[in-house]
Amino acid sequence: MAASYKTLMKRGCDEFIVNKSRFIGYGAPAETEEEALAFLAEIRKKHADATHNCYAYIIGRNMGVMRYSDDGEPGGTAGMPIIEVMKNRGVVNACVVVTRYFGGVLLGAGGLVRAYTQGAVTAIDACGIGVMHPTARYMMDVSYPMLSRVEYFLKSAPVIVEDKDFSDVITLTLLVKCADEDKLLVDLTQLSEGRLEPMRFDETYMAWPEA
């Protein structure tokens with residue numbers, strides 16, 4: 001079974017102003033260096049008029065590929081702070097871009113480091129950090145009389161209800177971490193006195209919100 005690791009849950013962005021300079025932090029999950037570069041190109045195109053589009057990305061569960069750029073800012077004041085935030089948060093397979101529109105006031109080296117650090121934190125917080133886990137997908141038919149009891153149980157179970165289809169019975173599609181599936185099956189059997197028969201039909205690798 002593959003090991004878990006942290007990455008970004010989704011794309012996200014947020015912005016702030018420092019001494020009239022506008023900083024916009026962007027983040028996105030990226031499984032490959034090509035995906036990271038494509039995301040960077042997208043942001044560069046969107047903000048072609050920006051003063052700087054500084055970035056960092058880390059690819060590989062063991063941080064095998066790490067790249068960053070100051071994009072014209074003084075050396076060590078932009079790309080390095082971004083990648084340090086990513087490393088400190090333990091995020092891999094991800095790309096962070098911090099765009100700057102210069103506001104006319106020089107920030108100095110220390111000010112730039114603080115601003116780009118804040119930009120990276122802002123981007124990561126907007127995306128949310130998830131932990132990648134091997135995940136099983138189940139389909140389960142539930143009778144209408146049993147639905148409320150099952151839904152009440154699932155609210156506190158380590159499971160995501162991905163889909164719900166109503167016909168003669170209610171067919172639920174559930175996602176559960178592989179590490180939790182044995183206990184879930186036992187609990188569902190006890191809950192329904194053996195009437196529920198979850199069917200495992202897929203396994204994937206997905207991000208779950210960081211605890």
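User: R200: is this residue buried, exposed or partly exposed?

Analyst: Relative accessible area sets the class: under 20% is buried, over 50% is exposed, and partly exposed lies in between, with a 1.4 Å probe and protein chains only. R200 has a relative accessible area of 37% and is partly exposed. The model is predicted, so local features need pLDDT of at least 70 and side-chain atom pairs count only at pLDDT 80 or more, while totals for chains, interfaces and linings use all residues. Residues are numbered from 1 along each chain as its sequence is written, and side-chain values use heavy atoms, with hydrogens and water left out.

User: Which side chain does R200 meet in a salt bridge?

Analyst: Side chains of opposite charge can pair when their charged atoms come close. A salt bridge is a side-chain nitrogen of Lys or Arg within 4 Å of a carboxyl oxygen of Asp or Glu. R200 meets E203 at 3.0 Å, N to O; E203 is partly exposed at 45%.

User: How many salt bridges does this rule give?

Analyst: The count comes to 12. Among them is R89 with D125, at 3.0 Å, N to O. R89 lies in helix α2 (residues 79–89) and D125 in helix α3 (residues 108–127), so the pair ties together parts 36 residues apart in sequence. Helices (H or I, at least four residues) and strands (E, at least two) are DSSP runs, numbered from the N terminus.

User: Which residues are linked in a network of salt bridges?

Analyst: R137, E162 and D202 are linked in this way. The R137–D202 salt bridge has an N to O distance of 2.6 Å. R137 lies in strand β7 (residues 129–142) and D202 in strand β10 (residues 199–209), so this pair ties together parts 65 residues apart in sequence. R137 is buried at 15%, whereas D202 is partly exposed at 32%.
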